[in-house]
Amino acid sequence: MHRSMKSLLWVVALLAPISAAIAGTEFSYRSDSTLRWHSEGRYLHLATAKDGGVKVLAVTPASLWGLTEGDEILEADGQPVRDVAALMDRLRAHDATPMSLKVRQGRIEKAVTLAAQAHELVSAPAPKSPAAPESPASPAALADTSHSRFVYQTDSSLRWRSDGQRLQLVTASGGGVNVVALTPASLWGLAQGDVIVEADGQPVHDVAGLLNRLRAHGASPMPVKVRRDGAEHSVMLAEQARSGLLPTAPPPAPPPPAPPAAPVPPGG
C-alpha cells in the first residue's frame, strides 16, 4: 500500500506541469540570464548574450510582440539591457503600454516597439513548483551523484553543472548547437558563443543529435567543428564531456535482507 501511494504521488508530480499548461499559461523564469514562456501556442525563449544584451533564441509566432528570432535586445525604454533580469525590470517599470526597444539583427541595429501584450511576462509571478514526493530517480537525475546536477529539458536544450562547472546548450535557429554559457571559459575545448555544426565528422542539427554522436563515439576525445567569431574551427571535445553529459546507469539495488531464522523448538 505504501509503495502504491508513492507511485501515485510520483505520477501526480509528473502530470502537474502538463496540467498547468492545459490550464492556460506555463511560465518558467529560471535565472537572471534565461527565460522561457509559453501560453496558448505562443512561445518565447530569451537568454543573456555573451557580450551583454538579451538574445531572442526562439519565438512563436514568428513576430510575436514585434520580436524576431535572432534579435539581440540592447536597450529597453531608452536604458541599456545587460541581461534577462534587467529587461524584465524595465518591462515591469514601464507599465502595460508599448515599449521602445533597440535590437541588433546581424550587424544592423534598429528600433522596434514591443507590444503592450508583452507585459504578460511580468503581470503575474511564476508559479512555484510543487514539492516533489519521494520517488525513484528520473533519468535526468542519474547524474546527480558526485555533486552533479543534470537537466536535459528537450531535444533542443541541455543544462548541466557539476562541482562549479556549468554548460548550457540550445539548438541554434539555423541548425547546429549554440553554446549559450559555460564555466570555466574553455570547458572541454568549447567557448561561449560557439555553434557546433559537426561532431565526429557528422552534421549536428540539434542537442539530441550532439549527444547521440557523443554516446556513439566512446570515451575518447571527439573532433567537432564549431563556428566561432564568423569562422569555422576544428576543436577536440575532451573525453570528460562524455562522462559528464551522459548519465550513467544507477548502482544496483542492494539485495533484500535475509529472512529471520526460524526459532528452534524447545528440545530440538
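A residue counts as buried when its relative accessible area is under 20%, a cut-off that is needed for the views below, which show close-ups of a predicted model.

**View 1. The aromatic pair of Trp-37 and Trp-65.** By the rule used here, the count comes to two aromatic pairs. In one of them, Trp-37 and Trp-65 form a tilted pair, with 5.1 Å from centre to centre and 45° between the planes. Trp-37 belongs to strand S2 (residues 34-39), while Trp-65 sits in the loop between S4 and strand S5 (72-76), so the pair ties together parts that are 28 residues apart in sequence. Trp-65 has a relative accessibility of 8% and therefore counts as buried, and Trp-37, with a relative accessible area of 2%, is buried as well.

**View 2. The aromatic pair of Trp-160 and Trp-188.** Trp-160 and Trp-188 also form a tilted pair, with 5.0 Å from centre to centre and 45° between the planes. Because Trp-160 lies in strand S10 (residues 157-162) and Trp-188 in the loop between strand S12 (177-183) and strand S13 (195-199), this pair ties together parts that are 28 residues apart in sequence. Both Trp-160 and Trp-188 are buried.

**View 3. Thr-60 and its surroundings.** Thr-60 is part of strand S4, which covers residues 54-60, and it is partly exposed, with a relative accessible area of 38%. Leaving aside residues up to four places away in sequence, Thr-60 touches Gly-41, Arg-42 and Tyr-43. Thr-60 and His-45 are 15 residues apart in sequence, and their C-alpha atoms are 9.4 Å apart in space.

Conventions. Residues numbered from 1 in each chain as written. Predicted model: local features only at pLDDT ≥ 70, side-chain atom pairs only at ≥ 80, totals over all residues. Heavy atoms only, no water. Helix = DSSP H or I, 4+ residues; strand = E, 2+ residues; numbered from the N terminus. Buried < 20%, exposed > 50% of the residue type's maximum accessible area, 1.4 Å probe, protein only. Contact = heavy atoms within 4.5 Å. Phe/Tyr/Trp six-rings, centres within 6.5 Å; stacked < 30°, edge-to-face > 60°.
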